[in-house]
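Visitor: I have just opened this entry and would like to learn how to read it. Could you take me through it slowly?

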Amino acid sequence: MDSICNGRTIDGHVDRGRSHHDGNGSDNDASKQKGTGFGGAQLRHGGRSGRCGRRGFKVRGTGGADVATLSCPGGVSRLGQVLDENASIFPGDPETSIEIVATVENDGYLVEAISMASHTGTHLDAPGHFIEGGRTVDQLTAEELVWSAYVIDVRARMAEEGNDFQLSSDDIHAYQREHGVIPPGSIVILYTGFGELFGTPAYEDTIPGFAGEAVEHLFVEHGIKALGTDTFGPDATSDENFDATYTALVNDGVVIPGMRNLGSLNVTGDIVMASPVQLRAGSAFQVDPLACHGR
Ligand SMILES: [Zn+2]
């Protein structure tokens, strides 16, 4: 199993902040998502599923108080799939090919040549994916790639009634009665547990998603800016017209399919950031979303 915590150590100019290596479950606050889905023991790297140890980031500047800070009391996590040639691909998309064209042993450096769809694995869809004249990945601004995250965990519902359902605006209202009103600028993330199945045939099984009218409600009434899922996309298998994706994109929003490690997220109170490579006039590009956990 690849590591979620395989980032490099940053050099001495950055304050490492506090770290925690406790395995005693002290972080298991009531908001932690529970469920019996595919979530996983193999994702544990510390006190909390899927999280790395670092909580605070502060640049040690020379200018006194005017330094940037990023406060993530619950640590940070990566929410992207690892990419290899077994990556699940949306039916009809080209195969993924990763060719090693130079090696340290032979050439003194390692270089790969990669061929894949811009929609393979964890990626960000820009409005131009479905909308003629819609904005493309190179036209998105930095501030619209940072969101408050609202996680809708449907694993228990899937276990009860199967995967063939669409979340309605009534379901969104029920979620808000429990967790509070979803504010403008948010990303709403559907947590199905399919992230653990990426790269296996089961990833192509029937999936739930958002009904188009629920997406319309979220974007128009709540002013959210993004949808995320740990599946091929926010469209349920039964949504043959891709209403959910279309409705997000026609409202100038973005969509992040193919996320993983969603068990690391709090239901509310986390920040997610994801910036695609700026493919000129591109419909999408791969991202590795970062979560900054509020607790
Ligand atoms: Zn896509």
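**Reading the packing of the helices**

Guide: Let us begin with α5, whose buried residues pack against β7 (123–125), β11, α4, β12 and β13 (254–256). This is a predicted model, in which local features need pLDDT of at least 70 and side-chain atom pairs count only at pLDDT 80 or more, while totals for chains, interfaces and linings use all residues. Residues are numbered from 1 along each chain as its sequence is written.

Visitor: What do the names of helices and strands rest on, and how many of each does the chain have?

Guide: Helices (H or I, at least four residues) and strands (E, at least two) are DSSP runs, numbered from the N terminus. In this chain there are five helices and 16 strands.

Visitor: When is a residue called buried, and which residues of α5 are buried?

Guide: A residue is buried if 20 or more other C-beta atoms lie within 10 Å of its own, exposed if 12 or fewer, and partly exposed in between, with C-beta atoms placed from the backbone. In α5 the buried residues are D243, A244, T245, T247, A248 and L249, and with six of its eight residues buried, this helix is mostly covered. Just after α5, D252 takes a positive phi of about 65°. Over the chain as a whole, buried residues make up 39% of the 295 residues.

Visitor: Which residues of α4 are buried, and what covers them?

Guide: Helix α4 (residues 212–221) has G212, A214, V215, H217, L218 and F219 as its buried residues. What covers them includes α3 (169–179), β10 (187–191) and α5 (243–250). Just after α4, G223 takes a positive phi of about 70°.

Visitor: How do α3 and α4 pack together?

Guide: Two packed helices are described by the angle between their axes and the distance between the axes. Axes are lines fitted to C-alpha atoms, for helices over the stretch in contact, and angles run from 0 to 180 degrees between N-to-C directions. Here α3 and α4 pack at an angle of about 50°, with their axes 8 Å apart. Angles under 35 degrees count as roughly parallel, over 145 as roughly antiparallel, 65 to 115 as roughly perpendicular and the rest as oblique, and α3 and α4 are therefore oblique to each other. Two residues are in contact if their C-beta atoms, placed from the backbone, lie within 7 Å, and in this pair S169, D171 and I172 in α3 meet E213, A214, H217 and L218 in α4.

Visitor: Which residues have the most contacts inside the largest nonpolar core?

Guide: A nonpolar core is a set of buried Ala, Val, Leu, Ile, Met, Phe, Trp, Tyr and Cys residues joined through C-beta atoms within 7 Å. The largest one has 46 residues, and those with the most contacts inside it are A149, I152, I187, V188 and I189. Among the elements that give two or more residues to this core are β8 (146–153), α3, α4 and α5. Not counting residues up to four places away in sequence, A149 touches I187, I189, L265, D270, I271, V272 and A291.

Visitor: Why is N163 called buried, and where is it placed?

Guide: N163 is in the loop between α2 (155–161) and β9, and N163 is buried because 20 other C-beta atoms lie within 10 Å. The C-alpha atoms of N163 and P208, 45 residues apart along the chain, are separated by 5.2 Å.
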